[in-house]
Amino acid sequence: MRYEPAVRPLPFLMTPVDREAPERARRLRALGLGSAPDPVFDRFADRLAEVTGAPFALVNFIDEHEQFLSGLHTPDGRSSRALGAAPGPEGSAPGRRMSRDRGFCPYVVVRRKALVLGDVRDYPRFAGNPVVDDTGVRSYLGAPLIDRTGIALGTVSVADTEPRPWGRPGLETIKAMAAELADEIRHREDGLL
């Protein structure tokens with residue numbers, strides 16, 4: 001008898017089935033989100049990095065095919081490619097697109113709950129993610145960005161190249177920041193901003 005281990009590709013383990021993706025993509029298009037950098041979201045990411053002390057902060061919208069970093073803070077203004085973002089096609093936002101199998105945000109969106117990873121290497125499901133090996137991300141804190149219709153549009157998240165004991169304070173902070181940004185999107189949709 002020969003033993004053949006069952007090997008599943010990493011994206012299967014990392015990116016759960018996302019049944020809401022088509023509806024989310026329609027909602028993102030209706031809101032005009034997830035296809036261009038937004039200075040408001042960049043400032044929000046800057047503030048998120050400041051509040052948490054994390055070197056990377058993101059406002060990330062996720063459709064059926066990819067993630068788009070509409071808001072981004074990186075240490076010392078480094079390129080988003082430091083997180084593994086790919087350069088965009090001619091005329092699009094450079095370095096703001098990531099495949100759905102990179103990072104932890106797609107998992108947060110499908111799960112619809114905040115995710116706290118003090119050291120991603122402690123979690124077999126996440127330890128093999130490309131952002132761990134390729135870019136050195138060691139800790140992550142993210143919350144879903146749920147809009148008024150109940151759709152999880154994306155995430156607000158932070159990451160560090162060092163393990164971080166985010167704990168309950170980090171969890172409460174990221175959830176509050178996600179709720180704040182969801183309110184801002186609602187105000188924008190209502191024409192109040």
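Val40, Phe41, Phe44, Arg47, Leu48, Val51 and Thr52 of helix H3 meet Thr173, Ile174, Met177, Glu180, Leu181, Glu184, Ile185 and Arg188 of helix H7. By class, this contact of H3 with H7 comprises nine nonpolar, two polar and four charged residues. The structure is a predicted model. In it, the axes of H3 and H7 come within 11 Å and cross at roughly 165°. Because angles over 145 degrees count as roughly antiparallel, H3 and H7 are assigned to that class. The crossing of H3 past H7 is right-handed.

The largest nonpolar core has 28 residues, and those with the most contacts inside it are Leu33, Phe61, Val156, Leu181 and Ile185. At least two residues of this core are supplied by each of helix H2 (21-31), helix H3 (39-52), strand S1 (56-62), strand S5 (139-146), strand S6 and helix H7 (167-189). The most is given by H7, with seven residues. Another core, of 21 residues, lies apart from the largest one and has Met98, Val109, Phe126 and Tyr140 among its members. In soluble globular proteins, nonpolar side chains tend to be buried together.

With neighbours within four places in sequence left aside, Leu181 is in contact with Phe41, Phe44, Val59, Leu145 and Val156.

Thr155 is found in strand S6 (residues 152-160). The relative accessible area of Thr155 is 0%, and this residue is therefore classed as buried. Neighbours within four places in sequence again being left aside, Thr155 is in contact with Leu58, Val59, Asn60, Cys105, Val108, Val109, Tyr140, Ala143, Pro144 and Leu145. Val109 and Tyr140, included in that list, are members of the 21-residue core. Val59 and Leu145 are contacts of Thr155, and both are also contacts of Leu181. The C-alpha atoms of Thr155 and Ile62 are separated by 8.3 Å, although these residues are 93 residues apart along the chain.

Most residues other than glycine have a negative phi. Arg112 is not a glycine, yet has a positive phi of about 65°. With a relative accessible area of 31%, Arg112 is partly exposed, whereas Thr155 is buried.

Technical notes
Residues numbered from 1 in each chain as written. Predicted model: local features only at pLDDT ≥ 70, side-chain atom pairs only at ≥ 80, totals over all residues. Heavy atoms only, no water. Helix = DSSP H or I, 4+ residues; strand = E, 2+ residues; numbered from the N terminus. Buried < 20%, exposed > 50% of the residue type's maximum accessible area, 1.4 Å probe, protein only. Contact = heavy atoms within 4.5 Å. Core = buried A, V, L, I, M, F, W, Y, C linked by side-chain atoms within 4.5 Å. Axes fitted to C-alpha atoms, helices over the stretch in contact; angles between N-to-C directions. Parallel < 35°, antiparallel > 145°, perpendicular 65-115°, else oblique. Left-handed = near helix turned anticlockwise from the far one by under 90°. Nonpolar A, V, L, I, M, F, W, Y, C, P; charged D, E, K, R; others polar.
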